[in-house]
Amino acid sequence: MIMTAGYRCGKGTDMEDQKCKEKKLKKKVGLLVLIDVICEVTIAFTILNEVHDHTLYECPECGVKFVPTLKEFAFANHTPKTRKLTCPNCGSKEYCEESYR
Ligand SMILES: [Zn+2]
């Protein structure tokens, strides 16, 4: 019997058919997981970007208000109301208080 290159189950023995169906299912699940991960990363990045665009930080040392880079903002240690950032004015690395703009 000649098998074609496509994924058509139900042509071989029961065992081959079972394996074929399993392969198809694994492919579908893999694709769904990939789509899910892409969606989650996109949503997380959108939220992060939105929060970054609307926040301002005040240096506790010199009082200057500044906007950190997105990279510094994303990876800095933080509490719900503060974030550990380097002040662009005095260079101190402290927990700066967050405010909205
Ligand atoms: Zn400062």
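Strands here are DSSP runs of E with at least two residues, helices are runs of H or I with at least four residues, and both are numbered from the N terminus.

Before you go on, two notes. You are looking at a predicted model, where local features need pLDDT of at least 70, side-chain atom pairs count only at pLDDT 80 or more, and totals for chains, interfaces and linings use all residues. Residues are numbered from 1 along each chain as its sequence is written.

Stop 1: Colour residues 82-86 for β3 and residues 93-100 for β4. These two strands pair in the antiparallel sense over five bridges (strands pair if DSSP finds at least two bridges between them). Now pick out leucine 85, whose bridge partner in β4 is glutamate 94. Lysine 84 stands opposite tyrosine 95 in β4.

**Stop 2: the rest of the sheet.** Which order do the strands of the open sheet have? The order is β2-β1-β4-β3, with antiparallel pairing. β2 (65-66) and β3 stand at the edges with a single partner strand each, so one side of each has no neighbour in the sheet. Select β1, residues 55-58, and you will find two bridges joining it to β2. β1 also pairs with β4, over four bridges. Click on glutamate 58: it stands opposite lysine 65 in β2, and its bridge partner in β4 is glutamate 97.

**Stop 3: the core.** Show the side chains of Tyr57, Cys59, Leu85, Cys87 and Cys96, the five residues of the largest nonpolar core. Such a core is a set of buried Ala, Val, Leu, Ile, Met, Phe, Trp, Tyr and Cys residues joined through C-beta atoms within 7 Å. A residue is buried if 20 or more other C-beta atoms, placed from the backbone, lie within 10 Å of its own, exposed if 12 or fewer, and partly exposed in between. In the whole protein, buried residues make up 5% of the 101 residues.

Stay on tyrosine 57. Leaving out residues up to four places away in sequence, tyrosine 57 touches Lys65, Phe66, Pro68, Arg83, Leu85, Cys96, Glu97 and Glu98. Contact means that the C-beta atoms, placed from the backbone, lie within 7 Å.

**Stop 4: the whole chain.** Zoom out and colour domain 1 (12-53) and domain 2 (55-101), whose bounds come from an automatic or database domain assignment. Their centres, taken over C-alpha atoms, are 37 Å apart. Four residues from each of domain 1 and domain 2 take part in the contact.

How many helices and strands does the protein have? There are two helices and four strands, and from the N terminus the elements run α-β-β-α-β-β.

Finally, turn the model around. The C-alpha trace spans about 80 × 20 × 20 Å along its principal axes. The radius of gyration is 26 Å, while a compact globule of 101 residues would have one near 13 Å (taken over C-alpha atoms, with the globule rule 2.2 Å times the number of residues to the power 0.38).

Definitions and conventions. Contact = placed C-beta atoms within 7 Å.
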